[in-house]
Every structure is written in C-alpha cells, then in structure tokens.
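I am opening a notebook on this structure.

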Amino acid sequence: MFEYGPKPHCISDSSLSIHRQVLRAINMSTFVPLSSGQRMPMIGLGTWKSSAGQVKQAVVAALECGYRHIDCAAVYGNEQEIGEALALCVGPGKTLRRDELFVTSKLWNTKHDPEDVEDACRTSLAHLGLSYLDLYLMHWPMAFQRGKELMPRRSDGTICYSDMHYRDTWKAMENLVEKGLVKALGLSNFNARQMDEIMRVAKHKPVVNQVECHPYLSQADLLSHCQSLAVCVTAYSPLGSGDRPWASADEPSLLQDPKLGAIAQRYQKSPAQVILRWHTQRGVACIPKSVTPSRIQQNLNVFDFKLSQDDMKLIDSFTCNRRFIVPTVVKDGKKVWRDSEHPHFPFHDAY
C-alpha cells in the first residue's frame, strides 16, 4: 500500500472509503478512553530521535498503515517536518479528516514561565500546521532558565535551572484549553507526589502521564496510582530505546532478552510485538519510534493475539528499575543523573 521513496504519498481516493471503514472497525477496540471524554489510540508513532529527512516519510507511512496517534514535542526539533507530512494527508480533500487524528505535543522546560506558555503552544501548532492539539503535556516538572536556548548552560557546562513551580505552569496551560488551542492537558516524567500536587490545584485535570516504561521498568506502582486518579499512562521508549545514542556495551538489551525471545517464539510474533502487547493488556498506551515502514506496520499489529496470564506475569518479573532515558553526566569520575540537584527532579521518589 505504501511505496517508500523520495516522494511520500497518501492513500488514493479510490480506496479511501473502504480504508476508512476497515480502520474504524479496528480502532474501536484499540483506543483508551481519557477522562476528558476523548479516545486516544493505544499505539502511536513516537518521533523522538527521528532525524530530519526521515520523520516526514515515517509519519506518512504510519498514517497510511493505520496509525491515528502521532506523538511530538517542541524539543525534538522536527515538528515542521511532521507538519509537512500532516499537510499531505490530513484536511479537506485529503485522506484523513483532522478529527480522525490524535496529535500530542509537549511544553519544553525553558517555557515554564506563565508568560511563555501560550507562545510555545502556538509555535508548535504553527510548525505542525494545526489549529489545535488533542493533548499538550508538560514535558518535565523541571523548569530551565527562560530564553531561546533549549539547554541553557553555565560556563562549566551545567544547566541553568529556574525555580518556577510546575503548579504555576499548569495554571497557565489551563488557559490553552479555554482558548481552544488544546483539547486536553497532561504530564510527562512526573512522579506520583508531583501528580497529586497538580490534581489538587487543577481546574482541567491531567488526562495522561507519559513516562519511560518497558519490562525492565514496569512502573507498576505509578501505573496503579495513575489508574486510581483516572489518568492514563503512556509509555515512551516502550521497547527499551535500544537506539539511544548513549547506550553502553554493558547495558542489557531488552529486545535481545532470551526469555522474551522464547515467549515471542511461542506466539510466532516478534519480541517488539510481545512487549507492545504486554503494555496494552496492562492498559498502557505506547508510542514506539521507528522510521522503517515494515517496523512501523509491525508495531501496530499487536491486537490479533493475547498473552496468557502466566506470560504477563513472566514479563512483569523482568522489572529491575532500570531507567535508560535519564540524562547523565560524569562527575568526579562517576556517571550521575544530570538534573538530580533540581528542586523538582522527579526520580528521587520511589515512584
């Protein structure tokens, strides 16, 4: 259906009607209801680490094979190219209507000052070519110094932090809902205590907490807490982010885990498909990243089988509290979490 080449295209008009009917039937069983009343597709395309020249065709490929959930962020630096892909496929006379798509973006750490929030959101919307976002997340609870630099640093290389509290940022984000710029709000990388603080002051409650989550970091306690608050958990790096550029040779590779491989063999599925199925059976949405059309398609094909309770428990047992996506620096010869001294660093708490 999709030809991967220099000129991406969307589904032909002649097949559009049948295509839509099939996808509606599929999507009825593959979304998670949000407390806002929206339905968020459980599998979305992640765009972190998708480089310029690749992400446009990846988004087109995803939309063509049935994805209806695209996860973006200002800090990824590729929203303009994603917007080019959306312009090809979404809107009047195109393959998809805007209301058939669920698009998420995120407020970066340097834009936590209430005066900066709306401009940051409008910039993402302009880059994406959209009039509204379905979901807008606070990317981290930690504020960095205001300005145009994404990573403002001192002369010694350390990050310049701000003491702006995420509660104040949240109140400014709520105005975006009231202005129709976003349909719903959420959090990313927040621990349970920080979530509770937001819930106590929120007029528009967070509907999602997007966190690193995979079998080596199952987030069982945080998942339980979120579910008690009617907050959906979305897993970023749901497959363990094996392509993270800072991975070291001595770190375990989730997709190469022999126990996982044995489970995959039993179901005649790939290890990635088994992991994504494990997530969805727990009620966790996932945003696996890929720029390869065959893998993009494969990652969506996880709703035609079900893991047994024994296999779910076996995968649960892999957890070892292994975080792969916390920025680190070398200090006194040791690798340490870069932002651990920030007053709102989220990972000092147990969950």
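Predicted model: local features only at pLDDT ≥ 70, side-chain atom pairs only at ≥ 80, totals over all residues.

Entry 1, A230. I looked up A230 and found 48% relative accessibility, so A230 counts as partly exposed. The cut-offs I used are buried under 20% relative accessible area, exposed over 50% and partly exposed in between, with a 1.4 Å probe and protein chains only. I place A230 in the loop between α7 (220-228) and β9 (232-236). Helices here are DSSP runs of H or I with at least four residues, strands are runs of E with at least two, and both are numbered from the N terminus. The phi of A230 is positive, about 60°, although A230 is not a glycine. I noted for background that most residues other than glycine have a negative phi.

Residues are numbered from 1 along each chain as its sequence is written, and side-chain values use heavy atoms, with hydrogens and water left out. pLDDT is the predictor's confidence in each residue, from 0 to 100. I read a mean pLDDT of 91 for the protein, with 90% of its residues at 70 or more. Over residues 1-8 the pLDDT stays under 50, and the model has 21 contacts there beyond four places in sequence. Residues 14-28 also have pLDDT below 50, with 19 contacts in the model beyond near neighbours in sequence. Contact means heavy atoms within 4.5 Å.

Is N189 buried or exposed? N189 has 3% relative accessibility and therefore counts as buried. I found N189 in the loop between β7 (185-188) and α6. The phi of N189 is positive, near 65°, in a residue other than glycine.

I checked how helix α5 (residues 166-178) packs on helix α6 (residues 192-201): the angle is about 45° and the axes are 10 Å apart. That makes α5 oblique to α6. Axes are lines fitted to C-alpha atoms, for helices over the stretch in contact, and angles run from 0 to 180 degrees between N-to-C directions. Angles under 35 degrees count as roughly parallel, over 145 as roughly antiparallel, 65 to 115 as roughly perpendicular and the rest as oblique. On the α5 side I listed Y166, R167, W170 and K171, and on the α6 side R193, Q194, E197, I198 and V201.

I found Y351 in the segment after β12 (334-337). Y351 counts as partly exposed, at 37% relative accessibility. Leaving out residues up to four places away in sequence, Y351 touches N191, A192, D221, L222 and H225.

How many residues of helix α9 are buried? In α9 (residues 271-281), 9 of the 11 residues are buried, and the helix is mostly covered. Among the buried residues of α9 are V274, L276 and W278. The cover includes β9, α8 (258-267), β10 (285-286), α10 (293-300) and α11 (309-316). The axes of α9 and α11 come within 11 Å and cross at roughly 100°. That makes α9 roughly perpendicular to α11. V274, W278 and Q281 of α9 meet M312, I315 and D316 of α11. After α9 comes G283, with a positive phi near 85°.
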